[in-house]
Amino acid sequence: MSAPGAAPTAEPRFGEVYDRGYRHYEGPRHGQASSVWALARYSMARALGFKKSWTAKIIPILLYVGAILPVVVVVGVTAFFPAADVMSYPEYFSTIFLLEGIFVAAIAPELLCPDRREGVLPLYFSRPITRLDYVIAKMLAAAILTLTISLLPAVILWLGKQLLTGQPLAAMRDHLGDLGRIGAAGVLIAFYIGAVGLLVSSFTERKGVAVGIIVLGFLLTESLSGALSVALADRPPWDQWVILLSPSRTVFRMATALWGVEVSGRMGGGLPLGAVIGVMAAVVAVCCGIVAWRYAARD
Amino acid sequence: MAATLIHQPESATVATDLAFETRGLTKRYGSIIALDSVDLAAPRTSIGLLGANGAGKSTLIKLLLGLIRPDAGDARVLGRDIRTDAVPIRAQVGYMPEGDCLPADATAADFVAHMAEISGLPSRAARQRAADVLYQVGLEEERYRLIKGFSTGMKQRVKLAQAIVHDPQLVFLDEPTNGMDPQGRDEMLALIARIHRMLDISVVLSSHILDDVERVCRYVIILDAGRLVAAQSLEEPGQVGDALFVRIDGDPAVFAARLAALGVEAELGNPERGRDELTIPRADAAAYDAIRDAAADLGVPLRSLRARTRSLEDLYFGNVAHQRGPDGRVA
């Protein structure tokens, strides 16, 4: 047996036993940013069910399939019927918004609730990160994961549409504006619903409760917005502003405004893009602020 | 124990012989004083933090880790201020909480490696270190199993592994033997002793079990109702009593008279063993010589000669009783 802690130096012989001992770590140590990124990566993997049972993976997989399905259909139909304009980008974002909402309802509680329920937070907070770092890592994880469903399929749709033209490179160059709008819409949606999902999840340690509140909140805000929209039909512009209470109609109005598509007053046609984006940014800021407050030290 | 805080310039590594030091450290939860103006200077060794439930042990650890803020006073850990250097401090210390703190559906290897990464180790080094420390705590075979299938003892080992995976200089262990069976407790204490003696990591072992502290620690801090009642080495002469018990074949009274003639005061009898022994209440090096000379002069064989040792239990109850007063209330 070799000396404790000593690495084998000579040619190893078959069957030789080494005492691995304990060696002090003298390698590099990264800073807080690296720790935050490590936490974000780990959180994303856990939320998607990596290294967990298949039951933990099935919902994210189904949702990704659901998000990519419209893309496959649109690209497929366009391949056979080039003249057909099957689905515009605003229609696409509006169509998959429900799926994005379900996705966030599934992954946001997974990002925060287990850490509270299983008591892992004291371990994180005893590491060289601050409580705000923890919140930033979780927000980063939520944003990146939501982007994979709000942005990635839309980019694939754009790419598919361009590749089906006679001159793909020229088509890509001509439609770079669409790509920019897709990027803006994807990022806005990801932060908007991701922040709401984290906000709800920060108030409970039970994933089921968080999922229930997110779904219920979605249904309630949609109903409230619809009812107020009808009730205030003769009091413009309030009948349009109240659509911003509805996440789905807010996203629809944001997308239509980005692409300059005319919509009716009841769908917020009179609301300027800046106002819609402003409201979405305010929702993100308030949600993030409350989540940070939830995790701030209170003695 | 009064301590003078040494204010040092900020640097990547602060040289100090102290694991931690506090001055007037106070923490209140509403009207309850969890820690009451504690002054400490704890050396870098294996430190037992002893006290009943609610004595303030966990509060002290959380304050030193910067997890909660003090209401008054200062503290430095490894020479750094807990108010301004909490993050650098936490890079150099490990923490094993008292309660459940492990994710059920992660493997031990993944989770410990993740904790190493959070402490700043690169990914590959983190995985290697995780494998090494899990081997050290006796979980080499089980490291790829989900934690939810682990026994209480195995979970405690995982908690210990994550506390040392980043190679800290100081590790806080909060009630590490809680809920463990006698064999598991023995093994855990042996591991903790090994961490200090072989791995050269300073250990703060918080416990309400005197035996745990006595077996592992070289220094003890006793808290009671948020107050510091004792902080001393378990190896210093004051801990070993200064009385000697002597048994001889012969008349103890004659032996005592001979000792008196040699200038050593001896009392007949031993309050613990009966009257066939002599007690020398204040024994020094000369007393040993006198005992030898008296035995030689009288031609009587010495049957036994032993020093009275005060156990940690004596120290604990003596100090806590002194702190609380005769009615059991905190003075």
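**Figure 1. Chain B as a whole in a predicted model.** Chain B exposes about 14100 Å², and carbon and sulfur atoms supply 49% of it. Accessible areas come from the Shrake-Rupley method with a 1.4 Å probe, and for residues only the protein chains shown count as cover. This is a predicted model, in which local features need pLDDT of at least 70, side-chain atom pairs count only at pLDDT 80 or more, and totals for chains, interfaces and linings use all residues; side-chain values use heavy atoms, without hydrogens and water. Residues are numbered from 1 along each chain as its sequence is written, while chains are lettered from A and ligands numbered from 1 in the order in which they are written. Chain B has 10 helices and 14 strands. Helices (H or I, at least four residues) and strands (E, at least two) are DSSP runs, numbered from the N terminus. Of the 331 residues of chain B, 54% count as buried. Buried means under 20% relative accessible area, exposed means over 50%, and partly exposed lies in between (1.4 Å probe, protein chains only).

**Figure 2. Helix H11 of chain A.** H11(A) covers residues 247-258. Its 12 residues reach 16 Å from first C-alpha to last, close to the 16 Å expected at 1.5 Å a residue. The expected span is 1.5 Å times one less than the number of residues. Of the 12 residues in H11(A), 11 are buried. Among them are A:Pro247, A:Phe252 and A:Leu258. The buried residues pack against helices H3 (89-117), H8 (176-201), H9 (207-231) and H12 (273-294) of chain A. Contact means heavy atoms within 4.5 Å. Just after H11(A), A:Gly260 takes a positive phi of about 65 degrees.

**Figure 3. The largest pocket.** The largest pocket has a volume of about 470 Å³. On a 1 Å grid over the protein atoms alone, a pocket is an open set of points with protein on both sides within 12 Å along at least five of seven lines, and a cavity is a set where a 1.4 Å probe fits but cannot get out; lining residues have an atom within 4 Å of a point. Grid points are joined across faces, edges and corners, and a volume is the space filled by probe spheres set on the points. The pocket is lined by 22 residues, of which A:Val196, A:Ile214, A:Gly217, A:Phe218 and A:Pro247 lie nearest its centre. H9(A) gives the largest share of the lining, 7 residues. By class, the lining has 18 nonpolar, 4 polar and no charged residues. Ala, Val, Leu, Ile, Met, Phe, Trp, Tyr, Cys and Pro count as nonpolar, Asp, Glu, Lys and Arg as charged, and the others, Gly among them, as polar.

**Figure 4. The largest cavity.** The structure holds 1 cavity of 30 Å³ or more. About 50 Å³ of space lies in the largest cavity. Its lining includes B:Gln136, B:Leu160 and B:Arg194. Helices H5 (152-164) and H6 (182-197) of chain B each give two or more residues to this lining. H6(B) gives the most, with 3 residues.

**Figure 5. A:Leu99 in helix H3 of chain A.** A:Leu99 lies in H3(A). A:Leu99 counts as partly exposed because its relative accessibility is 22%. Not counting residues up to four places away in sequence, A:Leu99 touches A:Leu63, A:Gly66 and A:Ala67. A:Leu99 and A:Leu63 are 36 residues apart along the chain, with C-alpha atoms separated by 6.6 Å.
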